[in-house]
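Student: I have a structure to go through and would like to talk it over piece by piece. Could you take my questions as they come?

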Amino acid sequence: MENMANKVARIPNLVDWSTGEVRLMSAKCASCGTYFFPREHYQHRPGCSREGVENVLLPGKGKLASYTVQYYPCPAPFRTDKKITPYGIGLVEFEAEKIQITGIITETDLKSLKVGMEMETTVLDLYVNEEKQEVVTWAFKAVL
């Protein structure tokens with residue numbers, strides 16, 4: 001994994017790299033067994049009592065369930081100092097947790113994308129903030 005010492009998440013409590021592996025911060029409801037993301041999203045299942053919610057880190061790898069390629073810049077309020085167009089948007093499934101999460105696909109040849117291919121959670125550098133920190137968000141890349 002790249003050096004993450006001077007990186008800060010664009011939105012707190014969505015992505016974690018403290019273990020040396022980039023992982024999404026999710027939660028699991030003990031009442032119904034549902035995983036949800038972001039973990040603050042408590043309205044995860046109608047009728048659930050939502051008792052016993054615990055924070056969990058999703059596995060670092062999942063399978064590409066669907067994708068699209070965009071040929072226009074990301075709309076506001078998304079911000080990046082880099083030209084990322086065209087870019088992929090992937091829906092990655094974490095099979096054991098029965099959850100699918102959408103994210104930008106980076107560091108991957110978009111022509112090589114195939115449903116079912118293994119994807120790894122990573123970060124996408126967005127811009128440098130006033131404190132000279134690299135602001136990042138989560139993304140996915142193909143496992144080669």
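**Loops, core and pocket**

Tutor: Let me start with K132, which is exposed, with a relative accessible area of 63%. This is a predicted model, and K132 is placed in the loop between β9 and β10.

Student: What is the phi of K132?

Tutor: K132 is not a glycine, and yet its phi is positive, at about 65°. R50 is another non-glycine residue with a positive phi, of about 55°, and R50 sits in the loop between β4 and β5.

Student: Is R50 buried, exposed or partly exposed?

Tutor: R50 is partly exposed, its relative accessible area being 31%. Y42 is also found in the loop between β4 and β5, and Y42 counts as partly exposed at 42% relative accessibility.

Student: What does Y42 contact, leaving aside its neighbours within four places in sequence?

Tutor: With those neighbours left aside, Y42 is in contact with F36, R50 and V53.

Student: And how far apart are Y42 and P73?

Tutor: Y42 and P73 are separated by 31 residues in sequence, and their C-alpha atoms are 31 Å apart in space.

Student: Switching to the backbone, which peptide bond is cis in the case of P38?

Tutor: The bond from F37 to P38 is cis, with omega near -5°, and P38 lies in the loop between β4 and β5. The bond from T85 to P86 is cis as well, with omega near -5°, and P86 belongs to the loop between β6 and β7.

Student: Now the cysteines: how many disulfides does a search of the whole structure find?

Tutor: The search finds zero disulfides.

Student: Is C29 buried or exposed?

Tutor: C29 is buried, with a relative accessible area of 0%.

Student: On to the packing, then: which residues touch the most other members of the largest nonpolar core?

Tutor: Those are L24 and I101, in a core of 26 residues. The elements that give two or more residues to this core are β7, β8, β9 and β10, and β10 provides the largest share, with four residues.

Student: Why can C74 count as buried?

Tutor: Its relative accessible area is 19%, and buried means under 20%, so C74 falls on the buried side of the cut-off.

Student: Where does T106 lie?

Tutor: T106 is in the loop between β8 and β9, and this loop residue is buried, at 14% relative accessible area. Neighbours within four places in sequence aside, T106 is in contact with T122, V123, L124, A139, F140 and K141.

Student: Last topic: what volume does the largest pocket have?

Tutor: Its volume is about 300 Å³. The lining comprises 17 residues, of which R10, I11, F78, T137 and W138 are the closest to the pocket's centre, and the elements contributing two or more residues to that lining are β8, β9 and β10.

Student: How do the lining residues of the largest pocket divide into nonpolar, polar and charged?

Tutor: The lining of the largest pocket has 12 nonpolar residues, three polar ones and two charged ones.

Methods
Residues are numbered from 1 along each chain as its sequence is written. This is a predicted model: local features need pLDDT of at least 70, side-chain atom pairs count only at pLDDT 80 or more; totals for chains, interfaces and linings use all residues. Side-chain values use heavy atoms; hydrogens and water are left out. A disulfide is a pair of cysteine sulfur atoms within 2.5 Å. Buried means under 20% relative accessible area, exposed over 50%, partly exposed in between (1.4 Å probe, protein chains only). A nonpolar core is a set of buried Ala, Val, Leu, Ile, Met, Phe, Trp, Tyr and Cys residues joined through side-chain atoms within 4.5 Å. Contact means heavy atoms within 4.5 Å. On a 1 Å grid over the protein atoms alone, a cavity is a set of points where a 1.4 Å probe fits but cannot get out, and a pocket is an open set with protein on both sides within 12 Å along at least five of seven lines; lining residues have an atom within 4 Å of a point. Grid points are joined across faces, edges and corners, and a volume is the space filled by probe spheres set on the points. Ala, Val, Leu, Ile, Met, Phe, Trp, Tyr, Cys and Pro count as nonpolar, Asp, Glu, Lys and Arg as charged, and the others, Gly among them, as polar.
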